[in-house]
Structure formats: structure tokens, C-alpha cells
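Please keep the structure open while you read.

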Amino acid sequence: MVLLMDGELILASSSEVRKELLEKSNISFLSVKPNIDEDAVKTSLLNENYSPRDIADALAELKASKISLKNPDSLVLGCDQILEFEGLILKKPSSKNIAVQQLMKISGKKHTAYSAAVIFENARPIWRFVGKADLFLKNNSERYIYDYVDRNWDSIKNSVGGYKIEEEGCRLFTRINGDHFSVLGLPLLEVINFLCIRGVIDG
């Protein structure tokens with residue numbers, strides 16, 4: 001594992017998926033969850049007519065900024081993902097029934113994942129990127145969707161959209177156009193390229 005010269009890389013997130021992506025890439029980091037009311041921020045930004053892409057970017061910046069203020073000597077990576085469907089933002093399902101309803105609504109159609117990453121240093125943004133992927137669902141039967149949600153509820157209940165494409169959720173789709181890692185919530189290759197350029201990691 002590689003440590004930064006001026007302090008450790010901090011991931012401003014408690015997401016298990018994001019942590020796993022960095023760990024499997026052999027990147028040393030600390031995980032610190034920022035205390036942010038994301039729903040309130042999203043509502044405010046929507047009222048200001050922010051696009052889903054820009055909401056993802058703004059939330060990633062807010063998370064990194066909050067942690068960087070207390071850790072100015074470290075690089076702080078903030079991330080956020082927004083799923084857009086026909087102009088609306090998909091949410092984490094609060095119940096099995098809502099998960100089924102949401103998956104039925106997007107079945108046979110396309111939605112888009114925007115995955116933002118912003119890196120702060122000394123309480124200032126020094127790098128940012130927003131990845132994009134278009135996801136196309138097949139016409140899944142209502143019975144399969146019910147069974148899928150029931151089998152996988154413990155895993156998907158905290159997932160925006162109500163699925164995990166790295167698990168059985170891949171069976172819901174016909175194709176994905178765009179960055180695979182953006183679907184998982186972190187534009188990993190772009191983050192790695194930046195860390196390589198900065199000399200944080202070998203490459």
C-alpha cells in the first residue's frame with residue numbers, strides 16, 4: 001500500500017463499494033463519512049434548476065470540502081452518484097414495494113448514471129471529473145422483479161435505483177453504454193490517472 005507524502009488520502013465516504021474499489025486497486029486511504037443531509041441539498045439544488053449531472057458534482061465537492069477543512073494536508077476525495085430517469089432523480093428505495101415500483105417504471109427503458117469525483121487539497125478543489133453511463137433495462141417481468149427484490153433486499157436497499165449491477169442485478173439489463181466504474185459510483189480510472197500524475201501511486 002502507498003501512503004501520500006503530505007498525509008493520507010481520505011475518501012469522504014463510507015460507501016463499501018467505493019472503499020472496495022480503492023482497496024482492490026492497492027491504494028491506501030482513510031474513510032471518513034461527511035455529516036451531510038444529502039436529501040436536503042438535492043432538494044435545494046433542484047429548486048435552483050441544477051441538472052442531475054451538476055447535482056452529483058456539487059455533492060461530491062461538498063463532501064470533499066467538509067472533510068478537507070479539518071485535514072488540509074491530505075488529498076480528500078469526495079464522490080457522489082445521481083441516477084436520472086426521464087428528467088427525474090431515482091432514489092434509494094425505502095421499502096420492497098417501492099423498489100419493485102421503481103424497477104417496473106424503468107423496465108424496458110434507459111436511465112443515466114452520473115458519477116462525480118472531486119479532490120480537495122488545503123480546502124480547495126484541485127481536480128474533478130464526472131463520469132457517465134447509459135443503462136438499458138430489458139422488459140423484465142413483474143414476477144421476476146418481485147422475486148429479485150425479495151431475494152436481494154438486504155443488499156439493494158441502500159442502492160440508488162434498487163439494484164446492484166455487480167450482483168444479480170446484471171440480469172435486469174440488456175446493455176450499458178459508458179464507464180462501468182461510474183455505474184458503481186466512482187470514476188475509478190480517472191481517479192487513478194490523477195493520483196499517478198501527482199506521484200501518489202506508481203503507474
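## Helix 4 against helix 5

A crossing is left-handed if the near helix is turned anticlockwise from the far one by less than a right angle, and right-handed if clockwise. In this predicted model, helix 4 passes helix 5 in a right-handed crossing. Helices (H or I, at least four residues) are DSSP runs, numbered from the N terminus.

Helix 4 (residues 96-106) and helix 5 (residues 142-156) pack at an angle of about 135°, their axes 10 Å apart. Axes are lines fitted to C-alpha atoms over the stretch in contact, and angles run from 0 to 180 degrees between N-to-C directions. Helix 4 is therefore oblique to helix 5 (under 35 degrees is roughly parallel, over 145 roughly antiparallel, 65 to 115 roughly perpendicular, the rest oblique).

## Ser155

Ser155 lies in helix 5. With 23% relative accessibility, Ser155 counts as partly exposed (buried is under 20% relative accessible area, exposed over 50%, partly exposed in between, with a 1.4 Å probe and protein chains only).

Leaving aside residues up to four places away in sequence, Ser155 touches Lys164 and Glu167, where contact means heavy atoms within 4.5 Å. Ser155 and Glu167 are twelve residues apart in sequence and 9.2 Å apart in space, C-alpha to C-alpha.

## Confidence and conventions

The protein averages a pLDDT (the predictor's confidence in each residue, from 0 to 100) of 93, and 97% of the residues score at least 70. Over residues 1-6 the pLDDT is below 50. Where pLDDT is low, the predicted coordinates should not be read in detail.

Residues are numbered from 1 along each chain as its sequence is written, and side-chain values use heavy atoms, leaving out hydrogens and water. Local features need pLDDT of at least 70, side-chain atom pairs count only at pLDDT 80 or more, and totals for chains, interfaces and linings use all residues.

How values were computed: Helix = DSSP H or I, 4+ residues; strand = E, 2+ residues; numbered from the N terminus.
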